[in-house]
Amino acid sequence: MTVVDQMSVTTSALEARNIVKRFDGVHALNGAQFEVRSGEIHALLGENGAGKSTLIKVLTGIYAPDAGTLRRNGEEVEFPNVRVANRAGVVALYQELSIIPTLSVAENILLGDQAPSRGGVVQWGAMRRRAREQLNRLHQKLPLGKLAGELSPVQQTMVAFARALATDAQIMILDEPTASLTDTEITELFKVLRSLRDEGVAIVYVSHRLEEVFELCDRLTIMRNGETIITKDVADSNIDEVISNMVGRPGGELYPERTTVTKEVAFAVEGLDGRRVKDVSFTAFKGEVLGIGGLAGSGRSELLRILSGAQKHSAGTISIGNKTLPNSPGVGRALDAGIALVPEERRTQGVILGTTIRDNIALANIPAVSSFGLVSNARISDIVGKGMGDLHIKARSQRQAVGELSGGNQQKVVLARC
Ligand SMILES: Nc1ncnc2c1ncn2[C@@H]1O[C@H](COP(=O)(O)OP(=O)(O)OP(=O)(O)O)[C@@H](O)[C@H]1O
Ligand SMILES: [Mg+2]
């Protein structure tokens, strides 16, 4: 055995070599390489559709690769299903399917585990103790009897962590865990991830937020078009380098200069009052992206609901161009006036996953694609094609199911529909 072999045997907790995965001719993975070590937080990065989620699904037994091998602690393994991967200590945490809302915190943590019982009677005391132990490792004080569905998103994430720890996870994979968390919750999550790392857990962290990666992670791997471009220490890299490697050309910019803003007012809000919203005013110009910030509970979602017509306002005005919307216009009239809301929870409110891109975009635009009561296929093709082109949606065709797209591309379909 050479020195190099020995090193990789002793240090890598999980390794993927030359992984190939095709879907109907699309090379989602094209010889991808990945290696994560115990006691590190390893960022997995790449543009939308680069192959990150597919690689994770191979690492956790959801997909069988068409070619390539996996190694756990240096030994070749096969993960024909999620259970085998879990038993080998590999666990992925997905925001959407991580908890069962109608079960208690304790039950969620010990889910899949044999409930401790004596003479056929479940020992709730022992169960609660075991659940409590896992939460203590995470420095969390959650009420064990509370229904998980009543917890905040970060608390739900913590319950999912505790469950993984209860099954003795050695490698934890997180695919965009911070997408719906507030800053305070992210800080809390990072504390927990660091303490798990210090216990020797290997953590794989997928995120599009590069500042997070530089704050939290030890090493990074960048993917592009199903291939691994580079793996290196975060301390030896910088955001510019990461972006150029992600997009495949030098000089990628994080904050490109914006030249499209005009002085023409597109959207004006004046003295808006409503539930949780008090005296809000702002002006947005054409070609501008206007950020709305604030802590959780400060009224951001309520403001957006009022603007989209889904919630009433008691005072103030909303104008588009030089037209003022009537009070409480309703979603339909707000939409007709040109205001579309892209929801926070894209998987549940944004798209119909089993339906094609074409139908998702066209269904919401029936008037635009019909004339004399007839729906024109050519018009649909034009509108959908333009939407896909403008937003660089990566897909095989208009007729591909939205559920088969990468997460970021699903989100772009929601935008295209608007
Ligand atoms: N089940 C599937 N059927 C067909 N194509 C798929 C399927 N899953 C993924 N793909 C394709 O494989 C490619 C890689 O997708 P993947 O979801 O791995 O990207 P990603 O890096 O996670 O992107 P994102 O950052 O947008 O989540 C995409 O072109 C995607 O459309
Ligand atoms: Mg993804």
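This is a predicted model: local features need pLDDT of at least 70, side-chain atom pairs count only at pLDDT 80 or more; totals for chains, interfaces and linings use all residues.
Local features were considered at pLDDT of at least 70 and side-chain atom pairs only at pLDDT 80 or more, whereas totals for chains, interfaces and linings use all residues. Residues are numbered from 1 along each chain as its sequence is written, while chains are lettered from A and ligands numbered from 1 in the order in which they are written.

Ligand 1 is surrounded by 18 residues, the closest being Ala28, Ser53, Ser406, Gly407 and Gly408, where a residue counts as near if its C-beta atom, placed from the backbone, lies within 6 Å of the molecule. At least two residues of this shell come from each of β2 (26-37), α2 (52-59) and α16 (407-417), with helices (H or I, at least four residues) and strands (E, at least two) taken as DSSP runs numbered from the N terminus. Domain 1 (3-247) and domain 3 (346-417) each contribute at least three residues to the shell, the domain bounds being those of an automatic or database domain assignment.

Positive phi values occur in two residues other than glycine, namely Asn73, with phi near 50°, and Glu176, with phi of about 50°. Asn73 is placed in the loop between β4 (67-72) and β5 (75-77), and Glu176 in the loop between β9 (171-175) and α7 (183-198). Asn73 is partly exposed, with 16 other C-beta atoms within 10 Å, and Glu176 is likewise partly exposed, with 17; by this criterion, 20 or more other C-beta atoms within 10 Å of a residue's own, all placed from the backbone, denote a buried residue, 12 or fewer an exposed one, and counts in between a partly exposed one.
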